[in-house]
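I opened my notebook to look up a few things in this structure.

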Amino acid sequence: MKNPTKKENSPWVDADAGLVSAEIFVDEEIYRLEQERIYSRSWLFLAHDSEIPEPGDFVTRSMGEDPVIVWRGQDRKARVFLNVCRHRGRRVCAEDAGKAAQMRCPYHGWTYNNMGKLAAVPFFEGYQGKLDKESLGLWEARVESYRGLIFGSWDEKAEGLQEYLGEMRWVLDLMFGRSEGSEVVSGPMRWITDANWKLAAANFAGDGAHIGTTHGFLKELNLGTARGPHIQSSTMPMRNGHSGVVTYWAGDAASDHYLGLPQEIWPEIDRHLSPEQLEIMRPLVGIIGNVFPNLSFLTTSKHLPEEWGGAPSDIVSFLTLRQWQPKGPHKMEVWSWCFVDKNAPARWKEASKECYLRSFGMTGMFEQDDMENWGEITQALRGPMARRLSLQYKMGLEPVKASNWRGPDAFVKPAPLELNEREFYSRWQKLVKK
């Protein structure tokens with residue numbers, strides 16, 4: 001029997017053939033290259049405006065393996081600082097969130113203000129004039145925002161955030177630009193899982209084929225009525241490795257659905273979205289995708305009340321962002337937020353949060369299914385023979401473009417297809433091999 005391993009010196013990713021090397025999920029040196037060439041150069045999501053609304057508000061987050069502080073200064077500007085003291089390298093802040101005019105390193109007391117400047121140094125006279133306080137503020141990253149989403153990058157030469165997002169802005173508008181604003185109502189929930197971060201990001205990029213098997217309880221419990229043949233999807237691969245999949249009621253089933261959002265905010269949606277976006281929003285059922293490298297999103301109105309314990313009249317949607325924080329090739333920390341439109345009725349907000357928690361929260365039914373898969377893959381591929389395999393991403397190598405579609409270029413057949421996953425891994429390889 002022929003050995004089903006990849007050829008020596010072959011690329012890790014061959015998108016044309018639909019092949020991805022198993023090695024990229026377990027190799028230590030490849031992981032080191034990711035940190036250096038992807039996480040040090042890309043725009044990374046860090047926080048939402050609603051998490052740090054006032055001067056002095058802060059949250060601590062990660063940019064790859066680097067700890068950072070997202071801190072709103074006295075001038076109301078959000079800044080991102082490496083959470084490392086310039087004296088001995090200790091973390092300056094150990095809190096998840098809070099409010100502070102200054103932060104004092106617990107080791108030797110070097111103190112920084114919320115503009116990042118070194119404000120005080122104990123025993124300053126002991127340096128005999130050789131310590132330049134002005135040059136020793138917290139190391140600051142570039143910061144830009146889109147629709148209240150705060151991103152940071154260490155690369156001073158990188159293109160701006162708007163250019164980096166490109167067509168993804170059209171998709172983000174459907175979630176974060178459709179109303180007067182959004183706010184975090186849950187999260188971030190955080191947990192560790194023994195899985196490689198790319199498996200999760202690529203799954204959200206566009207793996208629709210796993211649903212029937214992984215989440216097979218839907219069929220067994222007769223909970224599939226909201227996922228019938230009248231729902232269609234458009235798959236959107238985008239520049240820079242971003243991707244999205246939009247699902248909507250089609251044909252005779254199409255009607256004003258607005259993603260299950262409350263009618264009280266429909267007028268806001270009509271005002272904020274373009275005619276092309278409204279054409280999608282009215283019959284919209286759900287959106288899933290990934291902003292490269294590690295920010296995934298999901299909003300859906302397909303979870304029936306029977307699934308999450310709501311009242312029969314509670315047809316709601318939820319909007320979640322989740323970030324796959326790498327902690328080595330075999331481990332990641334998951335960060336998961338739930339958002340709502342800030343002018344939605346209080347009862348709707350609560351129902352939306354409950355639906356999220358019981359479906360895709362840390363102990364949600366769907367979340368547990370997915371974590372099991374990604375962990376099993378990572379552990380199975382660690383052996384010397386398994387890492388030689390070429391994994392199969394061949395579905396839809398000749399996809400059919402969507403017609404009468406007014407958004408970013410999209411493909412509709414076959415459904416499901418693995419186009420977005422191939423594009424994700426192609427972008428990954430381009431950056432890591434530089």
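**Salt bridges**

I looked up E276 and found that its side chain meets that of R406 in a salt bridge, 3.1 Å from N to O. A salt bridge here is a side-chain nitrogen of Lys or Arg within 4 Å of a carboxyl oxygen of Asp or Glu. The two residues sit in distant parts of the chain, 130 residues apart: E276 is in helix α8 (residues 275–281), and R406 is in the loop between β21 (400–401) and β22 (411–413). Helices (H or I, at least four residues) and strands (E, at least two) are DSSP runs, numbered from the N terminus.

I noted the ground rules. This is a predicted model, in which local features need pLDDT of at least 70, side-chain atom pairs count only at pLDDT 80 or more, and totals for chains, interfaces and linings use all residues. Residues are numbered from 1 along each chain as its sequence is written, and side-chain values use heavy atoms, with hydrogens and water left out.

Buried means under 20% relative accessible area, exposed over 50%, and partly exposed in between (1.4 Å probe, protein chains only).

I then checked D27 and R387. Their side chains form a salt bridge with an N to O distance of 3.8 Å. D27 lies in the loop between β2 and α1 (28–39) and R387 in the loop between α11 and β20, so the pair ties together parts 360 residues apart in sequence. D27 is buried at 16%, while R387 is partly exposed at 24%.

Next came R190 and D96, whose closest N and O atoms are 3.0 Å apart in a salt bridge. R190 is in strand β13 (residues 182–193) and D96 in the loop between β6 (78–82) and β7 (97–99), so this pair ties together parts 94 residues apart in sequence. R190 is partly exposed, at 34% relative accessibility.

How many salt bridges are there by this rule? I get a count of 25.

I asked how many residues of β18 (residues 318–326) are buried. The count is 9 of the 9, so the strand is largely enclosed by the rest of the structure. I checked both faces. F318, T320, R322, W324 and P326 are buried on one side, and L319, L321, Q323 and Q325 are buried on the other.

Strand β17 (residues 295–300) runs antiparallel to β18, with 6 bridges joining them. Two strands pair if DSSP finds at least two bridges between them. T300 has F318 of β18 as its bridge partner. β18 also pairs with strand β19 (residues 332–341), again antiparallel, over 8 bridges. P326 stands opposite M332 in β19. The hairpin of β18 and β19 has 5 residues between the strands, and G328 takes a positive phi near 110 degrees there.

I traced an open sheet of 3 strands, in the order β1-β2-β20 with antiparallel pairing. β1 (13–14) and β20 are its edge strands, each pairing on one side only. β2 (residues 19–21) meets β20 over 3 bridges. L19 has Q392 in β20 as its bridge partner.

**Cores**

Which residues have the most contacts inside the largest nonpolar core? They are W324, Y425 and W428, in a core of 106 residues. A nonpolar core is a set of buried Ala, Val, Leu, Ile, Met, Phe, Trp, Tyr and Cys residues joined through side-chain atoms within 4.5 Å. A second, separate core has 17 residues, including I69, A100, M103 and C105.

I finished with the largest pocket, which holds about 1100 Å³ of space. Of its 40 lining residues, G208, I211, S233, T247 and K302 are the closest to its centre. A pocket is an open set of points on a 1 Å grid where a 1.4 Å probe fits, with protein on both sides within 12 Å along at least five of seven lines; lining residues have an atom within 4 Å of a point. The volume is the space filled by probe spheres set on the points. Strand β14 (residues 231–237) gives the largest share of this lining, 4 residues.
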